[in-house]
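Below is a briefing on one protein model. Please read it alongside the sequence and the coordinates.

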Amino acid sequence: MEVTATMIADIYAATAIGVGVILAAAGLGSAIGWGLICSKTLEGIARQPEMRPALMTNMFIFAGLMESFPFIILAFAMWFLFANPFVGAMTAAMGG
């Protein structure tokens with residue numbers, strides 16, 4: 001019984017580290033995406049000022065899509081933390 005508790009604790013610890021890495025990567029990726037979207041929009045406006053309304057509309061659409069990505073990742077991260085599927089798989093593999 002003690003081995004099982006230790007294994008479950010190890011799974012939760014590894015999952016917490018993995019979730020931290022996942023959330024950091026999602027935040028970094030979103031920040032880089034925001035920077036690229038905004039810089040390319042400003043570059044396009046500087047080249048063709050008459051295209052400003054169309055470029056701004058596209059920027060806000062793509063920025064909204066970029067902003068939804070970390071929230072989707074956050075939902076998956078919370079699922080891994082609170083409804084950890086790895087613990088269930090381990091107990092099923094051990095015959096429990």
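Phe80 is partly exposed, at 21% relative accessibility; buried means under 20% relative accessible area, exposed over 50%, and partly exposed in between, with a 1.4 Å probe and protein chains only. The model is predicted: local features need pLDDT of at least 70, side-chain atom pairs count only at pLDDT 80 or more, and totals for chains, interfaces and linings use all residues. Residues are numbered from 1 along each chain as its sequence is written, and side-chain values use heavy atoms, with hydrogens and water left out.

**Aromatic rings**

- Two aromatic pairs are counted. Rings of Phe, Tyr and Trp (its six-membered ring) pair if their centres lie within 6.5 Å; planes under 30 degrees apart are stacked, over 60 edge-to-face, and the rest tilted.
- Trp79 and Phe80 make a tilted pair, with 5.1 Å centre to centre and 45° between the planes.
- Phe80 also pairs with Phe86, and that pair is stacked: 5.5 Å centre to centre, 5° between the planes.
- Trp79, Phe80 and Phe86 belong to one aromatic cluster.
- Trp79 is partly exposed, at 42% relative accessibility. Phe86 is partly exposed as well, at 43%.

**Salt bridges**

- How many salt bridges does the structure hold? The count is two. The criterion is a side-chain nitrogen of Lys or Arg within 4 Å of a carboxyl oxygen of Asp or Glu.
- One joins the side chains of Lys40 and Glu43, at 3.8 Å from N to O. Both residues lie in helix α1 (residues 2–47), three residues apart, about one turn of the helix.
- The other joins Arg47 and Glu43, at 3.7 Å from N to O. Arg47 and Glu43 both sit in helix α1, four residues apart, again about one turn of the helix.
- Lys40 is exposed, with a relative accessible area of 52%. Arg47 is exposed too, at 66%. Glu43 is partly exposed, at 35%.

**Fold and overall shape**

- The protein has three helices and zero strands. Helices (H or I, at least four residues) and strands (E, at least two) are DSSP runs, numbered from the N terminus.
- Along the sequence the pattern reads α-α-α.
- Why is the protein described as more spread out than a compact globule? Its radius of gyration is 21 Å, well over the 12 Å that the globule rule gives for 96 residues, so the protein is more spread out than a compact globule. The radius is taken over C-alpha atoms, and the rule is 2.2 Å times the number of residues to the power 0.38.
- The C-alpha trace spans about 70 × 15 × 15 Å along its principal axes.

**Surface and contacts**

- Of the 96 residues, 19% count as buried.
- The protein exposes about 6600 Å², and carbon and sulfur atoms supply 76% of that area. Accessible areas come from the Shrake-Rupley method with a 1.4 Å probe; for residues, only the protein chains shown count as cover.
- Among contacts with a separation of 6 or more, 78% come from residues 24 or more positions apart. A contact means heavy atoms within 4.5 Å.
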